[in-house]
Amino acid sequence: MLTLKQIRYCLDILEEMYPDADCELSHSNAFELLVAVILSAQATDNLVNKVTPDLFRKYKSPEDIAAVETEELEKDIKSIGLYRSKAKNLKKMAATLLERFDGEVPESKESLESLAGVGRKTANVVASVAFGEPAIAVDTHVERVSKRLGICRWKDSVLQVEKTLMKKVPKEEWSATHHRLIFFGRYHCRAKNPRCEECPLLSLCREGQKRMKQKK
């Protein structure tokens, strides 16, 4: 496991590599972000971004989604995986926003998690990106990088990874670190063929060192 000093070094390197890392889901307000994050479950941001421009022109508010037939909404998001369950969740989410939150996306993570299709990760993303709330959302990239580097244990659950990162990363850096870990995992420390040989963190990375030995 990395020491706090080593983790600090990793955070500084990630900042150098991705100083402007941010949410890559296209959106212009909290409602659009919420819809996009729900759609992004088990789908890439690029795929979601291909669908949402037309989607957001058609559905500008919870009222629009609540009013449309489920079958029509399914057709509008059919190119995204799990479109049937996502259409149902979007309909339920929109209805709850109208019934409980006056049609506005709530700011608290607890309220966000009460919405259909919104788990802890989605709530953290929306709270962080839309409302500036410090948060670390653990997606597949964040989990993979944290475990490969040795910030977290291989056996840690997603919740344990989140809590470990929250403990070891300064709170004012949570949101930025979340995005930088995603960028690092998406573009450098990829699930397949990670770029270990050119990684500035190789000297600290147990997984990278293991992979490099196997290549010899």
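**Pocket and cavities**

By class, the residues that line the largest pocket divide into 9 nonpolar, 8 polar and 6 charged. The model is a predicted one, and in it this largest pocket holds about 520 Å³ of space. Its lining is made up of 23 residues, and those nearest the centre of the pocket are Ala43, Asp45, Lys121, Asp139 and Arg186. Two or more lining residues come from each of helix H3 (45-58), helix H8 (120-131), helix H9 (140-149) and helix H11 (174-187), and H11 gives the most, with 5 residues.

The largest cavity has a volume of about 110 Å³ and is lined by 16 residues, among which Phe184, Cys189, Cys196, Cys199 and Cys205 lie nearest its centre. At least two residues of this lining are supplied by H9, and at least two by helix H12 (206-215); by class, the lining of the largest cavity has 10 nonpolar, 2 polar and 4 charged residues.

The second largest cavity has a volume of about 40 Å³, and its lining consists of Ile7, Cys10, Leu11, Leu14, Ile151, Leu165, Val169, Thr177 and Leu181. Helix H1 (4-17) and H11 each contribute at least two residues to the lining of this second largest cavity, with H1 giving the most, 4 residues. Sorted by class, the lining of the second largest cavity has 8 nonpolar residues, 1 polar residue and no charged residues.

Key
Residues numbered from 1 in each chain as written. Predicted model: local features only at pLDDT ≥ 70, side-chain atom pairs only at ≥ 80, totals over all residues. Heavy atoms only, no water. 1 Å grid on protein atoms, 1.4 Å probe; cavity = no way out; pocket = protein on both sides within 12 Å on 5 of 7 lines; lining within 4 Å. Points joined across faces, edges and corners; volume = space filled by probe spheres on them. Nonpolar A, V, L, I, M, F, W, Y, C, P; charged D, E, K, R; others polar.
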